[in-house]
Amino acid sequence: MSSLLEQLIDALRVLPGVGQKSAQRMAYHVLERDRAGGARLAAALASAVERVGHCVRCRDFSETEVCATCASAGRDAHQLCVVESPADRLAIEQATGYRGLYFVLQGRLSPLDGVGPRELGLDTLAARLAEGEVQELIVATNPTVEGEATAHYLAQLARQHKVRPSRLAHGVPLGGELEYVDRGTLSHAFGSRSEME
């Protein structure tokens, strides 16, 4: 049986990007300098793990059956933005004026990892599209191989339900200089160019 300190260090290593040394520093900091903060962290973590689930409509994190976004009458139910993670939803919400609804996949298609349509809740998404209220499905998956495969699948699903699919634009970042943009991004941006207004 390992000591409590070793258990704490090992428990902290479940966090992304936290290795042995970082976990040790965190554990020592809490025990040496901020035991009250550590107690608050432990209580908040225990409470969140116990009480935060998923919204039945959009699959985002929620403490209630239907999250506040889905329950809001002020959102445009004709637009549905599909994202890979709650962090992606938050990024769009904070950076844009988007007032539609969301659907959070909690991942992306990856058959080698055993992640298929069922694991992403695409049966729930299909049922939502079948309701007939959604007119545009905004696909906001990441521009990775798995993200592109997921986007293609989502576009087909939208068309099956007579919903117009759209995709976030990819390309040269605002304020970027062409000579510093990687070849793949530049090639994609060049191939996806649009007419100027």
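Analyst: Start with residue classes. Ala, Val, Leu, Ile, Met, Phe, Trp, Tyr, Cys and Pro count as nonpolar; Asp, Glu, Lys and Arg count as charged; the others, Gly among them, count as polar. By those classes, the lining of the largest pocket has eleven nonpolar, two polar and no charged residues. Keep in mind that this is a predicted model.

User: Which residues lie nearest the centre of the largest pocket, and how many residues line it?

Analyst: The lining has 13 residues, and Leu8, Leu12, Leu41, Ala42 and Leu45 lie nearest the centre. Leu and Ala both count as nonpolar. The volume of this pocket is about 320 Å³.

User: Which helices supply the lining of the largest pocket?

Analyst: At least two residues each come from helix H1 (4-12), helix H2 (20-33) and helix H3 (35-51). H3 gives the largest share, five residues.

User: What lines the second largest pocket, and how does that lining divide by class?

Analyst: The lining consists of Asp88, Ala91, Ile92, Ala95, Thr96, Ala140, Thr141, Asn142, Pro143, Leu168, Ala169 and His170. By class, seven are nonpolar, four polar and one charged. Asp is on the charged list, so Asp88 is the charged one. Helix H5 (residues 86-95) supplies the largest share, four residues. The volume is about 190 Å³.

User: What makes a space a cavity and not a pocket?

Analyst: A cavity holds points where a 1.4 Å probe fits but cannot get out, whereas a pocket is an open set. Searching the whole structure for cavities of 30 Å³ or more finds one. The largest cavity has a volume of about 40 Å³, so it passes that 30 Å³ cut-off.

User: Which residues line the largest cavity, and how many are charged?

Analyst: Arg57, Ala77, Leu101, Arg128, Glu131, Glu133 and Val134 line it. Four are charged, three are nonpolar and none is polar. Arg and Glu are on the charged list, so Arg57, Arg128, Glu131 and Glu133 are the charged ones.

User: Why do strands E3 and E5 count as paired?

Analyst: Pairing needs at least two bridges. Strand E3 (residues 76-83) and strand E5 (residues 136-140) have five, in the parallel sense.

User: What is the strand order of the open sheet, and which are its edge strands?

Analyst: Four strands run in the order E4-E3-E5-E6, with parallel pairing. The edge strands are E4 (100-104) and E6 (164-167), because each pairs on one side only. From one strand to the next, the twist averages 25°.

User: Which helices pack on the sheet?

Analyst: Helix H6 (residues 122-130) touches E3, E4 and E5, and its direction makes about 155° with that of E4. Helix H7 (residues 145-160) touches E3, E5 and E6, and its direction makes about 160° with that of E6.

User: How do the axes of H6 and H7 cross, and in which hand?

Analyst: The axes come within 10 Å and cross at roughly 30°. The crossing is right-handed. From H6, the contact uses Leu122, Leu125, Ala126 and Leu129; from H7, it uses Tyr153, Leu154, Leu157 and Ala158.

User: What makes that contact nonpolar?

Analyst: Leu, Ala and Tyr are on the nonpolar list. The contact of H6 with H7 therefore divides into eight nonpolar, no polar and no charged residues.

Conventions: Residues are numbered from 1 along each chain as its sequence is written. This is a predicted model: local features need pLDDT of at least 70, side-chain atom pairs count only at pLDDT 80 or more; totals for chains, interfaces and linings use all residues. Side-chain values use heavy atoms; hydrogens and water are left out. Axes are lines fitted to C-alpha atoms, for helices over the stretch in contact, and angles run from 0 to 180 degrees between N-to-C directions. Contact means heavy atoms within 4.5 Å. On a 1 Å grid over the protein atoms alone, a cavity is a set of points where a 1.4 Å probe fits but cannot get out, and a pocket is an open set with protein on both sides within 12 Å along at least five of seven lines; lining residues have an atom within 4 Å of a point. A crossing is left-handed if the near helix is turned anticlockwise from the far one by less than a right angle, and right-handed if clockwise.
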